[in-house]
Amino acid sequence: MSQPTSNLRPRRPAPPLILHELAPASVIDLPDSELVCHLTTFGSSRETCPHCSGRHLQLVLRQENVRQAHLLCPGCGRCFDASYPDGQPALCL
Ligand SMILES: [Zn+2]
């Protein structure tokens, strides 16, 4: 007895995200020196910082001092927006 398997599709890996560097002042209401220690992050993303090899970016959602969800590098403090290759925003939460 054989079952049809035509409805099984191979899983495609998610496309890589396109990173856009943001000025921290445009998304966060904190002085640079207090940036990392005052933010609540929501885990590491798959993406890595283009400036710090191998550092995974941390997801930062909107919160008290954050105006826009973004990805933060814990190494250099840079902030990034991310979109899919087709231009759809990836951090729309
Ligand atoms: Zn970095």
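Which residue in S4 does Gln-58 stand opposite?

*Solution.* Gln-58 faces Leu-72 in S4. Before going on, a word on the model: it is predicted, so local features need pLDDT of at least 70, side-chain atom pairs count only at pLDDT 80 or more, and totals for chains, interfaces and linings use all residues. Residue numbers start from 1 along each chain as its sequence is written.

**Exercise 1.** Describe the secondary structure of the protein chain.

*Solution.* Start with the count: there are 2 helices and 5 strands. Helices (H or I, at least four residues) and strands (E, at least two) are DSSP runs, numbered from the N terminus. Next, follow the sequence, and the pattern reads β-α-α-β-β-β-β.

**Exercise 2.** Work out how the strands are arranged.

*Solution.* 
1. Take the pairs. S1 and S5 are antiparallel and share 5 bridges; here Ile-18 has Ser-83 in S5 as its bridge partner. Two strands count as paired if DSSP finds at least two bridges between them.
2. S3 and S4 also run antiparallel, joined by 3 bridges.
3. Strand S2 (residues 44-48) pairs with S3 in the antiparallel sense over 2 bridges, and Ser-44 has Gln-58 in S3 as its bridge partner.
4. Put together, the 5 strands make an open sheet in the order S1-S5-S4-S3-S2, with antiparallel pairing.
5. Strand S1 (18-22) and S2 are at the edges with a single partner strand each, so one side of each has no neighbour in the sheet.
6. On average, neighbouring strands of this sheet are turned by 45° against each other, direction ignored (axes are lines fitted to C-alpha atoms, for helices over the stretch in contact, and angles run from 0 to 180 degrees between N-to-C directions).

**Exercise 3.** Find the largest nonpolar core and look at Leu-72 within it.

*Solution.* 
1. A nonpolar core is a set of buried Ala, Val, Leu, Ile, Met, Phe, Trp, Tyr and Cys residues joined through C-beta atoms within 7 Å. A residue is buried if 20 or more other C-beta atoms lie within 10 Å of its own, exposed if 12 or fewer, and partly exposed in between, with C-beta atoms placed from the backbone.
2. The largest such core has 10 residues, among them Leu-57, Leu-72 and Phe-80. Strands S3 (56-60), S4 (70-72) and S5 (79-83) each give two or more residues to this core.
3. Leaving aside residues up to four places away in sequence, Leu-72 touches Leu-39, Thr-41, Leu-57, Gln-58, Val-60 and Cys-79. Contact means that C-beta atoms, placed from the backbone, lie within 7 Å.
4. For the whole protein chain, 14% of the 93 residues are buried.

Note on methods: Contact = placed C-beta atoms within 7 Å.
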